[in-house]
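User: I am new to this structure and would like to go through it step by step. Could we begin with the terms and then turn to the protein itself?

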Amino acid sequence: MHGDCKYEYDAEIIRAIDGDTVVARIDLGFHTYSVQTLRLYGINTPEVRGEDKQAGISAANHLRSLIKDHAPLTITTIKDRQGKYGRFLATLYGASGCNINKQLVADGHAVETDY
């Protein structure tokens with residue numbers, strides 16, 4: 001298990017909505033899957049609309065690249081809680097153990113947050 005997470009799942013990312021939100025097909029075990037919208041825990045990226053549109057599009061494209069380059073992915077949920085829009089908060093990990101949330105920060109596409 002990664003860090004202090006509560007739950008860990010194998011997941012296929014169906015699509016990245018923006019730089020910090022994805023839709024994932026989560027393997028719950030026993031041939032049971034759940035499609036969920038996940039907010040990437042501990043980071044924030046520019047929005048894909050408004051004055052930061054170009055930076056937001058760049059962050060979303062970078063996330064898509066990281067997902068592709070590091071598949072298959074594992075997600076962990078932190079306290080299995082939901083954000084203000086009802087999305088579960090999760091950290092994405094690549095097959096090599098790369099923390100994709102932190103990689104977005106390291107690559108300059110996201111900033112760390114308290115949630």
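Analyst: Buried means under 20% relative accessible area, exposed over 50%, and partly exposed in between, with a 1.4 Å probe and protein chains only. This is a predicted model, in which local features need pLDDT of at least 70 and side-chain atom pairs count only at pLDDT 80 or more, while totals for chains, interfaces and linings use all residues. Residues are numbered from 1 along each chain as its sequence is written, and side-chain values use heavy atoms, with hydrogens and water left out.

User: In what order do the elements of the protein run from the N terminus on?

Analyst: Helices (H or I, at least four residues) and strands (E, at least two) are DSSP runs, numbered from the N terminus. The protein has two helices and seven strands, and their order is β-β-β-β-α-β-β-α-β.

User: Does Asp20 count as buried or exposed?

Analyst: Asp20 lies in the loop between strand 1 (7–18) and strand 2 (21–29). Because its relative accessibility is 2%, Asp20 counts as buried.

User: Which residue does the side chain of Asp20 meet in a salt bridge?

Analyst: A salt bridge is a side-chain nitrogen of Lys or Arg within 4 Å of a carboxyl oxygen of Asp or Glu, and the structure holds one. The pair links distant parts of the chain, 19 residues apart, with Asp20 in the loop and its partner in strand 3 (residues 32–40). Both residues of the pair are buried, and at 3.4 Å, N to O, the partner of Asp20 is Arg39.
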